[in-house]
Amino acid sequence: MATPTGITLKELSKKEGLLTSGHRMCAGCGAPIIVKMVLLAAEGPIIAANATGCLEVSTCISDYTAWKIPWIHNAFENAAATLSGVETMYRSLKKQGKISKDIKFVAFGGDGGTYDIGLQSLSGAMERGHDMLYVCYDNGAYMNTGIQRSSATPFGADTTTCPAGSVIPGKTQNRKNLTKIMAAHNIPYAAQASPSHWMDLVKKVKKAFSIEGPKFMNILSPCNRGWRSRTDDAIMLSRLGVETCYWPLYEIEDGATKVTFKPKEKKPLVDFLKPQGRFKHLFAPENEWMLKKFQEIVDKEWESLLKSDSGRCDSKPSGKAPGAE
């Protein structure tokens, strides 16, 4: 399969935005940035399904919608099931000669509707082999319903259901590695991306849409409300997530793992944690052990990923983020 090349910011800037401004997402939210990038990378007609969550409730209010494509609102748990049904109907109509267009299908869901509530329908859609791309915008908690912990919530984070205090010091479990869980379904393509590395993200979306069958992408989505960070820090934080290797960029294609960005100098995890109020308690003297443990978790997962790397990294070690120039 040919890898999409020749992507330039100038070319993307000339394309029509398929998610309009004027939606009611929080200022500085990572999710609409991600959706706009994904849709800019798509070619031709596209249909989207959207699990209940921040993105859904804020982009389609009553009679008003920010979407310029056919868009289906689903419950928390069934975005993948709904879209797999639409994709099946499309294949039937195309076989009957009633549709001639080549249509792409994408589902969007937050980590609550993907890691947890929607995992069963997502797993089923991947196992059945539907020709669709599922994109998880991962902000690390149930932000839409009150910042409760999800299985994507990182170790040590303070949420409303694992509050840091005298009883517990925040979340005591490590986050689930959903990207690898999806790859274990033996799907042709799974990847992690970040809005800070736009070229890497766009290339992966284009590659995903060029591959027939089920695809999954997990994209880091900063949430200033839940992360308790500045409203203009989304790209900075997502870049630090990559450069500290908390959120490594890689893809698994036909079972082969490829790390697509390796930092020239891996930054300490505290650089990513300090700007976020949800980790403020970790810097108290009595919680020093948690910072050490969290760094060990990240280091272990990064080393494991490097060992599984096929050695074809697109990006040589660099101090710059691809596409950030």
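In helix 2 (30-41), residues M37, V38 and A41 meet W198, L201, V202, V205 and K206 of helix 8, where contact means heavy atoms within 4.5 Å. Helices (H or I, at least four residues) and strands (E, at least two) are DSSP runs, numbered from the N terminus. The residues of this contact divide into seven nonpolar, no polar and one charged; Ala, Val, Leu, Ile, Met, Phe, Trp, Tyr, Cys and Pro count as nonpolar, Asp, Glu, Lys and Arg as charged, and the others, Gly among them, as polar.

The model is predicted, with local features requiring pLDDT of at least 70 and side-chain atom pairs pLDDT 80 or more, whereas totals for chains, interfaces and linings use all residues. Residues are numbered from 1 along each chain as its sequence is written, and side-chain values use heavy atoms, leaving out hydrogens and water.

Two packed helices are described by the angle between their axes and the distance between the axes. For helix 2 and helix 8 (residues 198-210), the axes come within 8 Å and cross at roughly 50°. Helix 2 is therefore oblique to helix 8, oblique being the class left when angles under 35 degrees count as roughly parallel, over 145 as roughly antiparallel and 65 to 115 as roughly perpendicular. The crossing of helix 2 and helix 8 is right-handed, that is, the near helix is turned clockwise from the far one by less than a right angle.

Attention now turns to charged pairs. The whole structure contains 17 salt bridges, each defined as a side-chain nitrogen of Lys or Arg within 4 Å of a carboxyl oxygen of Asp or Glu. One of them joins K15 and E43, at 3.5 Å from N to O. K15 lies in the loop between helix 1 (9-13) and helix 2, and E43 in the loop between helix 2 and strand 1 (46-51), 28 residues apart.

Another salt bridge pairs D138 with R175, whose closest N and O atoms are 2.9 Å apart. Because D138 belongs to strand 6 (residues 132-138) and R175 to the loop between strand 6 and helix 7 (178-183), the pair ties together parts 37 residues apart in sequence. Both D138 and R175 are buried (under 20% relative accessible area, with exposed over 50% and partly exposed in between, for a 1.4 Å probe and protein chains only).

K266 and D299 also meet in a salt bridge, at 2.5 Å from N to O. K266 sits in the loop between strand 10 (256-259) and helix 11 (270-273), and D299 in helix 12 (residues 288-308), 33 residues apart. K266 is partly exposed at 32% relative accessibility, and D299 is partly exposed at 28%.

How values were computed. Axes are lines fitted to C-alpha atoms, for helices over the stretch in contact, and angles run from 0 to 180 degrees between N-to-C directions.
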